[in-house]
Structure formats: C-alpha cells, structure tokens
Amino acid sequence: MRIQGKEYRTIWYEDKIVKIIDQTKLPHQFLIKDLKSVKDAINAIKVMEVRGAPLIGGTAAYGIVLAIQESTEKEFINKNAKELIQSRPTAINLKWAVDRMMKKLSDIDSDQVLDIALNEAKEICDEDEKFCENIGVNGLRIIEEIYNKKKSTVNILTHCNAGWLATINWGTATSPIYHAHKKGIPVHVWIDETRPRNQGANLTSYELNEEEIPNTIIADNTGGILMQRGEVDMCIVGTDRTLSNGDVCNKIGTYLKALAAHDNNVPFYVALPSSTIDWNIKDSKDIPIEERNSEELSHVEGVDENNEVKKVLIYPKKSKAMNLAFDVTPAKYVTGLITERGVSKASSEGLKKLFK
Ligand code: MRU
C-alpha cells in the first residue's frame, strides 16, 4: 500500500539486509531500518519496530535467513530459532513461520541452505500478501451487502492495527475496507485509539489517511455508545491466535467491543489468514497472554511544537500499573471469520469446512 504516494511492503530483502519500516517511529517519522543480524530481527520483534501477527511471522522467517548468513552451524541456527519463537508469546504466526522454515531446512546441505531459506522466507511473505488480498475479496462481499441495503456510507469499527502495517501488505481487517474503497463503496472507519501503545491512532489512522479513506479516531470506550446510537454497521478486527473452536485472541479490549456489538446486534467479524489458526490448543485459557512493561501505560510519547519526540509520565509516581496485551473473545460473540478461503462460522465445524 502507499505512503506518500509510493508503494511499499512492510518488509523486504536487499543485498543481505532485511529492510523494515520502523513502526515505533510512526506516525511522526517514516524511517526504514536495516536488520543485519538475527539479533536485530529478535530485537525488532521484541521492541515492536515490527508488530502485528503476520508481520512478526515474516520477520522471524527472515530472521532465520540472517542467522544463516552469520553461520551455517546447526546449533547456532537452532538456538536462534528458539529465541525468535520466544521473542513475543501470543501471536502464533511467529512459531508457525519459524517451524515452517526449520522444516524446510532440515536435511539441506550447508552450501544450499541460504538460497533455500531465502526462497522460503520470500514465499511466506508472498503467501501472506496473497492471503490478505483474498481476505479483502471475501470481506468485500459483506460490506457490499450492507451498502446495498443501506445505500449510504458503511461505518466500520476496528481495534488496534490489523492493517497492512501489521502484515506484509493489504492487512487483514483493513483489506475488505481497502477493497470496498477501491470499488467506490463509501466507507468510514471508527478507529479505537487502542491504549496503551495506540496502534489504532498511530498506525491504522495513519495508513488509512495515506490511502485517503475517511476515518475517525475514538477513545477505546466510545464504541459502545456509537453502537447504541446506530452509528456502527459492523466491526472488523484482526487476531493474533484463533483456536480451532473459533475463540479469538486479539489486542486487549477486543472482547469488550465484541460484548457491546453483541448487545447492539452489530455484526462482529474477525479477519485472519490461516497462519493465525492454532490447531493445537483446545482451551483459550492455555493461550500465553503477553504482559508488557507497565511503562507503556504510565508514560505517553508524542511530538512537541518543535516536532521533537517527548516521552512523559502521566500517572502518580507511586502508582502500580498492569499491562496485559491481549484478551480472548469467545466464539459465541463472533459473527464470522473472514479467511483467505472464504467466510466461516467461528466454530470447529465452520473452520473444518474451509480447512479440511
Ligand atoms: O501488539 P501488536 O501491535 O503486535 O498487536 C497486533 C494485534 O493485536 C493485531 O490486531 C493482530 O496482530 C492482527 S494483525 C493483522
């Protein structure tokens, strides 16, 4: 998608270097950062220079490529593969991508290993782009249906950033929105600010602005009253891990929005590529929920009148804060899962029909 009129993907490889858009600097600075070693890739995932489930999967895949460039010793690669998987716990795409790379590389001679790793990392990213595009085509039908009934702007609420910045391109939740906009269907997006890291305000609003899609940032607790007033036609969110029974783990606050949608008969859709489905964990209580540094809550960052980035404390100095990064929305509150293969019920039967 576009930034200042130029087409980008979120990650690419050039002359032995992995290039990323540093998302900790957005929306105030657009910086492309070089990842030269596997440690750089691990750090980029940990500090969220890259974030969003599919993109951290893509970065981990390229992390394996960077490891191989440093050494083809099996022990070195295995150790770093483990560290990549541990760099963030909740999004399943990370483990999925590393496992896929390691499976591809098992039993490969060391003189071929780099080429094969590079091809596989590229394949993982190309596939994600294609899957997200398909999610857009499948989700477009839902938006179109609402538009055909309503005959006026379709208001869509989203949470966090499940946009193209969270994937390789297109995004998951935003892909149907981009497709609708390209087709000329009038859409307007309510964007949850998404405290504490403000991925909605800093990233989703930024990327929709760049594509000239009307959007309004709201405080995280505003969605409920907008739904009561009939100002939300549908919600679309992303996910970091969806269980085979349709339970959806996503950015903290998603669950409360799903409850409000349920109470107000607002359809609540979750958009995801199949790489985000965890076919193993059966009970959502077993999903590892990331707890991040409480400083993300107690401090805010922004630019002053001289465009200088400043970070300030907003809480009482002595107060404790707790920063859980994800929650789980039970399948019963999810209207449907928009995947690359079609839209399914959020249930084992629904998912099994699409993914035999
Ligand atoms: O903590 P983040 O910013 O990595 O969390 C991102 C989300 O929760 C997204 O909604 C999810 O990864 C889906 S991305 C297409």
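This is a predicted model: local features need pLDDT of at least 70, side-chain atom pairs count only at pLDDT 80 or more; totals for chains, interfaces and linings use all residues.
Let me start at the ligand, where an oxygen atom of the ligand sits 2.7 Å from an N or O atom in the side chain of K251, a polar contact in the sense of a pair of N or O atoms within 3.5 Å, where, within protein, one must be able to donate a hydrogen and the other to accept it, and residues adjacent in sequence count only if both atoms are side-chain atoms. Taken alone, the ligand exposes 420 Å², and the protein buries 99% of that, with accessible areas coming from the Shrake-Rupley method with a 1.4 Å probe and, for residues, only the protein chains shown counting as cover.

Residues are numbered from 1 along each chain as its sequence is written, and side-chain values use heavy atoms, with hydrogens and water left out.

Staying with the ligand, a polar side-chain atom of R51 lies 2.8 Å from a ligand oxygen, and A53 contributes a backbone N or O atom at 2.9 Å from an oxygen atom of the ligand. There are 19 residues around the ligand, and those that come nearest are R51, R88, D240, N250 and K251, where near means having a heavy atom within 4 Å.

Next, the cysteines. The structure as a whole holds zero disulfides. C132 is buried, at a relative accessible area of 0%, and C249 is likewise buried at 0%; buried means under 20% relative accessible area, exposed over 50%, and partly exposed in between, with a 1.4 Å probe and protein chains only.

A polar atom of the T204 side chain lies 2.8 Å from the backbone oxygen of C160. T204 is buried, with a relative accessible area of 1%, and, leaving aside residues up to four places away in sequence, T204 touches T158, C160, N161, I191 and Q199, contact meaning heavy atoms within 4.5 Å.

Helix α7 (199-210) is also among the elements that cover the buried residues of α6, together with α5 (113-150), β6 (154-158), β7 (187-192) and β9 (234-237). How many residues of α6 are buried? Seven of the nine in this helix, residues 174-182, are buried, and just after α6, G184 takes a positive phi of about 90 degrees.

A contrast is E70, in helix α2 (residues 53-70), which counts as partly exposed at 42% relative accessibility. A polar atom of the E70 side chain lies 2.8 Å from the backbone nitrogen of V38.

Finally, strands β3 (residues 11-14) and β4 (residues 17-21) pair in the antiparallel sense over four bridges, pairing requiring that DSSP finds at least two bridges between two strands. They form a hairpin with two residues between them, and D15 in the turn has a positive phi of about 45 degrees.

Methods. A disulfide is a pair of cysteine sulfur atoms within 2.5 Å.
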